[in-house]
Amino acid sequence: MNNVCVYCELDEGKIADVSLELMTKGRTLANELGVQLEALVIGSNLKNIEKQLLPYGADKIFIADDKRLDPYVTQPHTTITVNVFEKEKPQIALMGATIIGRDLGPRVSSALKSGLTADCTSLEIGPHEDKKQGKTYENLLYQIRPAFGGNIVATIINPDCRPQMATVREGVMKKEIFNENHKGEIINIDVDKILTDTDFLVKVIERHVEKSKINIKNSPIIVAGGYGVGSKENFQLLHNFADLIGGDVGASRAAVDAGYAEHERQIGQTGVTVRPKLYIACGISGQVQHTAGMEESSMIIAINNDPEAPINKIADYVITGNVEDVIPKMMKQYKANTK
Amino acid sequence: MKGLKIVVLAKQVPDTRNVGKDAMKADGTVNRAALPAIFNPEDLNALELALNIKDSNPGTTVTVLTMGPGRAAEILREAIYRGADNGVLLTDRAFAGADTLATSYALSRAIAKMDKVDLIIAGRQAIDGDTAQVGPQVAEKLNIPQITYAEEVISIKKEKLTVKRRIEGGIEIVEGKMPCVITVNNSAPDCRPRNVRRLMKYKHATTVSERQETDDDYIGMQNGREYLDIPEWTVNNIEADIIQLGLSGSPTKVKQIESVVFAAKESKKLTDSDKDIDWLMKELISNHTLG
Ligand SMILES: Cc1cc2nc3c(=O)[nH]c(=O)nc-3n(C[C@H](O)[C@H](O)[C@H](O)COP(=O)(O)OP(=O)(O)OC[C@H]3O[C@@H](n4cnc5c(N)ncnc54)[C@H](O)[C@@H]3O)c2cc1C
């Protein structure tokens, strides 16, 4: 009761990275609160799955193993999750902000009439005082995420409803083994007792999935373009530059929305989080939703024709100029100096 | 097959895309007045999906439902110009301050008030929050299935429909039973443009509040022309538990809003001159950032 619970997603029979990252975060939160860390795994062929979770510090692992539970469909996963949460009453429940987590999370939160904060970039524990109602709260989950509006970050709380639910994107938290020999309790869920026919009104008939070819998450050098790049043609310049220096191309949401780059390249709160050795921001203003996904880069170069662009404040090198002039010069000088 | 009754959920949002410099105030907050209010982009994909179903299933009606302030009637008119049969504006102080849970509760109560609805189609998410929560929560409140991330409705037979979903790294074809909620991705077809004849016909379609506010010559036009009335519903038109609406129905609260002051780094300022860039490239190569 009152623990921290992570819904663990499966990726080809393995616990997804995003879920392990949340286990690591969940372990920290549970320690701070002095409670246990729980994991919930729903799927099929889950023999030995606990071995993947125990090292991340799971004290209790709930497993629902049934062939009807793979591939993921909304309702059976919701019914089981709601059932577990109603019995266990976790105070905090975390899910990946993935296709699955964003389908499941809202449905579960609605069934439990609790709040859910999407795409958090940070989670902390802290107190709250409601002056109007004269109430004070200890140990609430601060669900921190950029807010629409300039460089603003909002702290969302969920004072009166449980669980306090949040989704987090892959790569935002860091995964770390807690203890290779950690021991925990395994609880097998009797699925037949929980599910009924009405949970199976949607069926998956066909599935074609291949790993996307674009994956910039672990790239050591990222040349990222924003709306200021101006066109898809100009974006090709960034590709040429990235190819030359052994990097990948990233983008801001404005650039993705404008059709300059593929969605998989979007960096930020609602895109990927990257920590490259070098980040070159070209024609990106540096709104907090963007910087949330790149501010931990080791070195940042900003190329912007506005000397006051917010991105300049977090850059190590600021080049004031037009992208279309600066990049060809960088390419030329790079070639000249590496000959 | 007889036609379907479809409700499209739509939201009017500030255009957060391509926020220009003038859209920011000196204190770093958004100057909402400088941002145009637009039809949430993925709700237009949702509308197209509904109209597409209507095209191939004669007798189908498409009603667009939006919750928001009075001016949100603008997107209902826009939807009607593009082919929707009608719109409903859900507007009341009681709805103010709603988070996604209270919003979906209000929307679901409005849908429950309509005659048997077969399909509810919404955009995947709204660009002002990107939460993607309202669609699934409406489905849960109505206790019906949901199919998220839809790109295409492949077929509809009796009460079964087959839908193509866009998921991580690929697609999935699912079969579901109506009534259900579908949320639509921006990878679905774009919405058709306004139809000129519909534009002429519905130019003066208004809500009762809009008619009270204007004193133009068309004020009497609605008499005998019921199709020019966009129904406006308040909390009194839906059977809802007041506590679950608006601020009191919202479990999430904003504790604090903070401006991010970037800890200004000691950044090296360069111009776009050949000399500066030559210097930078040498620097990056010599410290092994590039190489
Ligand atoms: C809920 C939500 C989630 C979001 N999630 C993300 C996210 O994950 N990632 C993300 O990036 N954004 C996200 N955003 C959007 C974010 O708020 C900004 O709107 C976006 O990052 C701006 O992109 P930009 O910097 O490319 O465009 P702009 O803000 O338009 O900036 C363009 C920049 O280019 C410069 N420029 C123009 N022309 C040139 C030129 N020729 N040469 C050099 N510089 C030039 C301009 O001075 C300006 O600084 C989100 C917003 C919301 C509301």
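This is a predicted model: local features need pLDDT of at least 70, side-chain atom pairs count only at pLDDT 80 or more; totals for chains, interfaces and linings use all residues.
**Stop 1: strand β5 of chain A**

Select residues 60-65 of chain A, which form strand β5. Is this strand enclosed or open? Of its 6 residues, 5 are buried, so the rest of the structure largely encloses it.

One place to look is A:Ile63, whose bridge partner in β12 is A:Asn188.

**Stop 2**

Side chains of opposite charge can pair when their charged atoms come close. Over all chains, the count of salt bridges comes to 35.

Show the side chains of A:Glu170 and A:Lys217, which form a salt bridge at 2.3 Å from N to O. What does this pair tie together? A:Glu170 is in the loop between β11 and β12, and A:Lys217 is in the loop between β13 and β14, so the contact ties together parts that are 47 residues apart in sequence. A:Glu170 is partly exposed, at 29% relative accessibility. A:Lys217 is also partly exposed, at 26%.

Then select A:Glu296 and A:Lys174, whose side chains meet in a salt bridge at 3.6 Å, N to O. This pair links distant parts of the chain, 122 residues apart: A:Glu296 is in the loop between α8 and β17, while A:Lys174 is in the loop between β11 and β12. With a relative accessible area of 45%, A:Glu296 counts as partly exposed.

**Stop 3: salt bridges in chain B**

Move to chain B and select B:Asp55 and B:Arg192. Their side chains form a salt bridge at 3.0 Å, N to O. B:Asp55 sits in helix α1, residues 41-56, and B:Arg192 lies in the loop between β10 and α5; the two are 137 residues apart. Are these residues buried or exposed? B:Asp55 is exposed, with a relative accessible area of 52%, and B:Arg192 is partly exposed at 25%.

Finish with a group of four residues in chain B: select B:Glu151, B:Glu152, B:Lys164 and B:Arg166. Salt bridges link these residues in a network.

Conventions
Residues are numbered from 1 along each chain as its sequence is written. Chains are lettered from A and ligands numbered from 1 in the order in which they are written. Side-chain values use heavy atoms; hydrogens and water are left out. Buried means under 20% relative accessible area, exposed over 50%, partly exposed in between (1.4 Å probe, protein chains only). Helices (H or I, at least four residues) and strands (E, at least two) are DSSP runs, numbered from the N terminus. Two strands pair if DSSP finds at least two bridges between them.
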